[in-house]
Structure formats: C-alpha cells, structure tokens
Amino acid sequence: MRRQVIEKLEILADAAKYDASCASSGGTRKNSPTGIGNSTGAGICHSYTEDGRCVSLLKVLFSNVCIYDCAYCVSRRSNEEVERVAFTVKEVVELTMGFYKRNYIEGLFLSSGIFGDADTTTEKLVAVARSLRHDHLFNGYIHLKVIPGASPELLTEAGRLADRLSVNVEIPSEAGLKQVAPEKDYHQVFAPMGHVRDRIDAAREERQKDRRAPRFAAGGQSTQLVIGATPETDRQILELTDGLYSEQKLRRVYFSGFVPLGGDDRVPDPESYRAPLHREHRLYQADWLLRKYGFDLDEVAPPGSANLDSDIDPKTAYALRFPTLFPVDVNTAPIEWLQRVPGLGIRSSKRIVAARRRGTVRWDDLRAMGVVMKRAQYFLTTPDHKPHLIGSDPGAVRRRIVGGKAEAPQLSLFAPAPLVMPAPLAKAAPLAKAA
Ligand code: SF4
C-alpha cells in the first residue's frame with residue numbers, strides 16, 4: 001500500500017472512531033522485530049448484527065475537511081490540531097477491495113466531513129459505493145452516511161447501493177444544537193430520514209409484489225445521539241429515541257458518550273468532565289426494552305423524570321415502581337409478562353414456556369435454565385419459592401439488589417422436595433408433570 005494512502009487511512013480511520021454505529025476495541029500495540037502483527041488503528045472495527053454475529057468493517061471518513069464547526073467534533077473547522085486530508089474515490093475502493101480479498105473485512109462503513117456542500121460530499125460517497133458494486137461486483141456490506149441537505153436523487157441512488165444508511169441527529173435537542181453547532185438546522189436532519197423511510201417502505205411493498213424489484217437500504221437506517229455534550233436528560237433522549245423508532249422507523253439509535261477533545265468552551269472541559277459510559281450503558285438497556293421487550297416510553301422513563309436510575313437497570317427500576325404487578329407466577333404468566341421480570345430475558349422466557357409444556361417449573365429448573373436468580377428471585381414465584389418482600393417492602397428489595405444481598409428462598413412447610421439440590425441432580429431432575 002502506498003505510504004500516502006496509509007497516512008490518510010490512519011488520520012481518517014481515527015476521525016471515524018467517534019461514530020458509535022460500530023465499535024472497536026481501540027487498543028494499540030506495536031509489532032516487535034521477531035513478532036507478527038500489530039494493533040495500530042487501520043480502520044477495521046467490529047460491529048454486531050441483530051442476530052449477534054460479529055462483522056468486521058473498514059470504518060473510515062472519506063475526508064475530515066468540514067465546512068461546519070460543531071464543538072463536539074474532532075473534524076470541526078476550527079480545530080487546528082488535526083491534519084486535513086481526503087481520499088480519492090479510487091483509493092477507498094482499492095482499500096476496500098484489498099482488505100476484502102485478504103479476508104480482513106466483510107464490508108465498508110463510510111462517512112465524511114462536509115466539504116463543498118451536501119451534494120458534493122454525498123456524490124463522493126455514492127461514487128465509492130457505485131464503483132464497488134458496479135465495477136468490482138462487490139457484494140459485501142456497505143453502510144453510507146447520509147448528509148443532510150443532499151438531493152433526493154442522490155439519496156435514492158445511495159439507498160439502491162448501500163445495505164444501510166444513517167443520518168446522524170448527534171445533539172438530542174434543538175436548543176442543544178444551537179449551543180454547540182449554531183450553523184446547523186436541527187430539522188434539516190429529519191428530511192432525509194423521512195425520504196429514506198418512505199423509499200424503504202415503497203421498496204418493501206414493491207418486492208412483496210415482485211421479488212425482482214430492487215432493494216433499498218435493506219438493513220434499514222440508523223442514527224447516533226451524542227450524550228453529555230449538552231444538558232438533555234435521559235427522559236428527553238429516550239423521548240426522541242422513541243419517536244425515531246415510531247415515526248421514522250429507524251432500525252437502531254446509537255448512543256455515543258461525548259468525548260471531550262479540549263479547545264472549545266461550548267462543550268464540557270476535559271479536566272472536569274468524565275465520559276458518561278455508565279449513562280450510555282443504561283440508555284442502551286432502556287433502548288433494548290423499547291425495541292425488544294414491548295415496554296412503553298413512560299414505563300421505562302416516567303413522565304417528569306430526568307435521568308435513569310444509575311444504581312439499577314431500567315427493567316428492575318420499572319418492577320420496583322410497580323411492585324403490585326409482582327411477583328409473577330412462572331407457571332401461568334403469559335410470555336410477555338415473563339419478559340418483564342428482572343433477570344429473565346427473551347431466551348429464558350421462551351425456555352420457561354417450553355419447559356411448562358413438560359411439567360411444573362421449579363426454582364432449580366430456573367437455575368438450570370440460566371435465569372439470573374440474583375435479581376429474578378424477588379419478582380417471580382414457583383411452587384417452592386414464594387417471595388414476599390416485593391409486596392411488603394419494595395425499598396428493601398432495592399437495597400438488597402444494590403447491595404448485592406440475596407433474599408433467602410422462602411421455605412414451604414410442605415415443600416415436596418429439597419429446595420437446593422446438588423447441581424448435577426438439579427440438572428438431571430425431570431420436571432414434574434403439570435396438573
Ligand atoms: S458536520 Fe459533521 S463532520 Fe462536520 S464538524 Fe459537524 S459533526 Fe463534524
């Protein structure tokens with residue numbers, strides 16, 4: 001690889017790492033004279049698919065030249081610390097094909113600073129995807145950033161070529177955006193989102209009638225919200241997230257804890273600021289409840305609330321806010337209710353439902369199924385486990401969970417079997433027949 005291209009790759013891959021749509025470990029380790037390999041940043045990151053597969057992507061900017069001056073961004077116009085470079089279309093295509101043929105990557109994630117105007121920038125991104133698909137017959141994954149303000153024709157071509165499109169909202173409120181990027185129009189982001197949504201819907205309908213109809217961004221569209229650069233609360237962030245799922249039909253909303261870069265007093269100072277990793281984690285948990293578990297926004301983040309509880313996960317916080325709904329009987333509750341029990345996931349709820357067909361589910365059966373009993377024990381009942389604390393003193397349940405203390409299983413006077421069997425026996429014990 002030419003030296004100049006490697007240097008560009010180092011700069012543009014480093015600038016792209018702030019986009020949370022894919023994540024990599026970010027470690028650096030140099031090769032030794034006798035060793036093999038190194039882990040310097042070369043733009044390859046790992047992304048996870050909906051079904052849990054890990055996919056390697058070349059994640060780069062086309063250029064870090066930008067006409068905007070967003071205070072939270074390393075590529076902002078006023079940042080004199082970074083060297084400005086731009087790839088050519090041919091260079092990105094050759095890098096992608098070279099890495100793909102060596103089996104380093106399965107696809108490309110391409111974003112860019114905005115040079116010239118939205119159409120000029122988008123045309124370059126589209127030209128890369130066009131050349132990969134048409135000149136090189138590349139069938140790997142392509143994720144393109146959509147630049148707000150780009151023409152509908154270019155967006156349409158981008159959607160025909162790419163598997164996923166994303167337009168980044170970045171700052172979660174209009175007031176926040178005014179504070180850190182006053183040149184930008186908050187509402188301009190939503191126009192391309194709406195266009196992409198309508199085209200995805202239209203393509204899906206056309207393909208239902210005719211399987212040969214062209215695809216359009218078959219992997220859907222996503223966005224990123226920057227957390228902590230501006231003062232929005234978790235409730236405000238989740239309100240926006242919920243709206244993006246319901247109105248714009250986004251496939252994913254990513255949360256990216258603001259990384260202070262220094263040199264701009266419109267955003268928190270690196271000296272006093274700590275990256276909100278824990279907050280980012282809680283938001284992802286809340287997002288998961290909205291997308292996968294059928295929770296409403298108000299159940300996850302009550303109206304009038306500010307931030308999510310930092311000590312407990314949002315599902316446990318929900319159960320503690322509504323103690324009269326618990327404990328849930330694992331042998332009779334519908335699967336939708338099992339999934340609302342802290343410590344029960346989608347998979348373990350399905351396992352319980354399957355086990356119920358074979359017989360009564362007991363405490364040890366749940367443990368054998370991999371249920372996280374440390375939390376779940378307060379919120380579910382089995383014939384040999386009758387927790388009482390959630391009904392009488394939810395505050396005590398909270399203290400035990402936060403403090404990591406388990407509630408002793410409630411003994412029954414007439415328990416037909418010992419509550420705690422040796423592990424091998426518990427695994428082997430057949431489930432009692434349902435009455
Ligand atoms: S428009 Fe994008 S690349 Fe340019 S400064 Fe703002 S966030 Fe950074």
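Q: Taking contact to mean heavy atoms within 4.5 Å, what covers the buried residues of α7?
A: This is a predicted model, and in it the cover over the buried residues of α7 includes α6 (190–209), β6, β7, α8 and α9 (297–300).

Q: Which residues of α7 are the buried ones?
A: They are Asp234, Arg235, Ile237, Leu238, Leu240, Thr241, Gly243, Leu244 and Tyr245.

Q: How many residues does α7 have, and how far does it reach from its first C-alpha to its last?
A: Helix α7 has 13 residues and reaches 18 Å between its first and last C-alpha, which is close to the 18 Å expected at 1.5 Å a residue.

Q: And what unit does α7 make with β6 and β7?
A: Strand β6, helix α7 (residues 234–246) and strand β7 make a β-α-β unit that is right-handed. The two strands of that unit also pair with each other, in the parallel sense and over six bridges, and Thr223 stands opposite Val253 in β7.

Q: How many residues of β6 are buried, and which sit on each side?
A: Seven of the seven residues of β6 (residues 221–227) are buried. Gln221, Thr223, Leu225 and Ile227 lie on one side, with Ser222, Gln224 and Val226 on the other, and both faces are covered. In a regular strand the side chains alternate between the two faces of the sheet.

Q: Changing topic: how many aromatic pairs does a search of the whole structure find?
A: The search finds 12 aromatic pairs. In one of them, the ring centres of Phe258 and Tyr273 are 5.4 Å apart and the planes stand at 65 degrees, so this pair is edge-to-face.

Q: Where do Phe258 and Tyr273 lie?
A: Both Phe258 and Tyr273 lie in the loop between β7 (252–257) and α8 (277–292), so the pair ties together parts that are 15 residues apart in sequence.

Q: How are the rings of Tyr318 and Phe326 arranged?
A: Their centres are 6.4 Å apart and their planes are at 85 degrees, so Tyr318 and Phe326 form an edge-to-face pair. Tyr318 is buried at 2% relative accessibility, and Phe326 is buried at 5%.

Q: Over the faces of which rings do Lys59 and Lys184 lie?
A: Lys59 lies over the face of Phe109, 5.8 Å from the ring centre, while Lys184 lies over the face of Tyr68, at 5.9 Å from the ring centre.

Q: Last one: where is the place of Val92, and what does it touch?
A: Val92 is in helix α2 (residues 89–101) and is buried, with a relative accessible area of 1%. Leaving aside residues up to four places away in sequence, Val92 touches Phe62, Phe87, Leu108, Leu110 and Val128. Val92 and Ser131, which are 39 residues apart in sequence, are 10.0 Å apart from C-alpha to C-alpha.

Key
Residues are numbered from 1 along each chain as its sequence is written. This is a predicted model: local features need pLDDT of at least 70, side-chain atom pairs count only at pLDDT 80 or more; totals for chains, interfaces and linings use all residues. Side-chain values use heavy atoms; hydrogens and water are left out. Rings of Phe, Tyr and Trp (its six-membered ring) pair if their centres lie within 6.5 Å; planes under 30 degrees apart count as stacked, over 60 as edge-to-face and the rest as tilted. Helices (H or I, at least four residues) and strands (E, at least two) are DSSP runs, numbered from the N terminus. Buried means under 20% relative accessible area, exposed over 50%, partly exposed in between (1.4 Å probe, protein chains only). A charge sits over a ring if NZ of Lys or CZ of Arg is within 6 Å of the ring centre and within 35 degrees of the ring normal. Two strands pair if DSSP finds at least two bridges between them. A crossover is right-handed if, with the strands pointing away from the viewer, the path from the first strand over the helix to the second runs clockwise. Contact means heavy atoms within 4.5 Å. The expected span of a helix is 1.5 Å times one less than its number of residues.
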